[in-house]
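Subject: Structure for your files, with notes

Dear colleague,

Here is the structure you will be working with.

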Amino acid sequence: MVEFSKENIQTALNAAVQDVMSKDANLLKIKSSERGIVHWLANYFEEHIKNNSNTTKFNHDNGYVVDVEYSRTYDDIKRFEHMKESLCREDCPYPATDDCSKYKNKQTYYTVTLDMIFHKRLTNPLDANILCVEVKTSSANRSSAAVLTKMLSCDKKRVKYLISDKDKSEPTYQFGATVYIESESDARINFFEHGSQQYTSYTLLQNSKMQNISTHSLSGI
């Protein structure tokens, strides 16, 4: 089993977020698309995880890769049979939840396209699913602060589900994070770990260590 420690993953993710804020500040200022920003986040994360880990742990030869907008388990759609039940309909940012594509036709499963993922493709054990990340930035149009709050809440619920034990046919991740890059100098991160009943929230500034660190119970999400 190839192991990546919590410190490896969290350090690489934090450094990647700070790289986005410093090196791609112009993208944040002009409110470029979230997908474009996640592309750079993934590039920087890959660079940092290589530097923070033994080179035998992460390289394309042993199958570990960083993907964006990833929506597959093996060669099928990444679907979760019970995730829809775990996401509170009242938190859905859409005015009419039934209009959301996740709920159309009352389908029994919830499909997921992850913003960023660090994993092995075409396999599904826990040691192959290292990190899943959901990202929000100030770039996308939000109709109100209330809508943004609901979207960030939904991200946390989704990541909570993804790092929790479930049916073996559904991927479970060792680590998960929600990242909200609020500006070119400020980001808010929630970091989750499989097997823990708590998650960590903190603020990350462009050139400083984690601030305002607090822990919260998963049951509060």
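**Surface and overall make-up**

About 11000 Å² of the chain is accessible surface, and carbon and sulfur atoms hold 47% of that; the areas come from the Shrake-Rupley method with a 1.4 Å probe, and for residues only the protein chains shown count as cover. The model is predicted, so local features are given only at pLDDT of at least 70 and side-chain atom pairs only at pLDDT 80 or more, while totals for chains, interfaces and linings use all residues. Residues are numbered from 1 along each chain as its sequence is written, and side-chain values use heavy atoms, with hydrogens and water left out.

The chain has five helices and 11 strands. These are DSSP runs numbered from the N terminus, with helices being H or I of at least four residues and strands being E of at least two. Of the 221 residues, 47% count as buried. Buried here means under 20% relative accessible area, exposed means over 50%, and partly exposed lies in between, with a 1.4 Å probe and protein chains only. Among contacts with a separation of 6 or more, 62% are between residues 24 or more positions apart; a contact means heavy atoms within 4.5 Å.

**Salt bridges**

Side chains of opposite charge can pair when their charged atoms come close. I used the rule that a side-chain nitrogen of Lys or Arg must lie within 4 Å of a carboxyl oxygen of Asp or Glu. The count by that rule is seven salt bridges.

One of them joins Glu-134 to Arg-158, with the closest N and O atoms 2.9 Å apart. This pair links distant parts of the chain, since Glu-134 is in strand β7 (residues 129-137) and Arg-158 in helix α5 (residues 145-163), 24 residues apart. Both Glu-134 and Arg-158 are buried.

Asp-155 takes part in two salt bridges that belong with this one. With Lys-136, its closest N and O atoms are 3.0 Å apart. That pair also links distant parts of the chain, from Asp-155 in helix α5 to Lys-136 in strand β7, 19 residues apart. Asp-155 and Lys-136 are both buried. Asp-155 also forms a salt bridge with Arg-158, where the closest N and O atoms are 2.5 Å apart. Asp-155 and Arg-158 are both in helix α5, three residues apart, which is about one turn of the helix. Together, Glu-134, Lys-136, Asp-155 and Arg-158 are linked in a network of salt bridges.

**Aromatic pairs**

The whole structure holds seven aromatic pairs. Rings of Phe, Tyr and Trp (its six-membered ring) pair if their centres lie within 6.5 Å; planes under 30 degrees apart are stacked, over 60 edge-to-face, and the rest tilted. The ring centres of Phe-4 and Tyr-64 are 5.3 Å apart and the planes stand at 70 degrees, so this pair is edge-to-face. It links distant parts of the chain: Phe-4 is in the segment before α1 (6-23) and Tyr-64 is in strand β1 (residues 64-70), 60 residues apart. Phe-4 counts as buried because its relative accessibility is 3%, and Tyr-64 is buried with a relative accessible area of 1%. One aromatic cluster is formed by Phe-4, Phe-45, Tyr-64 and Phe-118.

**Thr-203 and Asn-212**

Thr-203 is in strand β10 (residues 198-205). It is buried, with a relative accessible area of 14%. Leaving out residues up to four places away in sequence, Thr-203 touches Asp-186, Ala-187, Arg-188, Lys-209, Met-210, Gln-211 and Asn-212. The side chains of Thr-203 and Asn-212 make a polar contact at 3.4 Å. A polar contact is a pair of N or O atoms within 3.5 Å; within protein, one must be able to donate a hydrogen and the other to accept it, and residues adjacent in sequence count only if both atoms are side-chain atoms.

Asn-212 itself lies in strand β11 (residues 211-217). Its relative accessibility is 61%, so Asn-212 counts as exposed. Asn-212 is a residue other than glycine with a positive phi, near 55 degrees.

**Lys-31 and the cysteines**

Lys-31 is not a glycine either, yet its phi is positive at about 60 degrees. Lys-31 sits in the loop between α2 (25-29) and α3 (34-52), and at 48% relative accessibility it counts as partly exposed.

The disulfide count is zero, taking a disulfide as a pair of cysteine sulfur atoms within 2.5 Å. Cys-132 is buried at 1% relative accessible area, and Cys-154 is buried at 18%.

Regards
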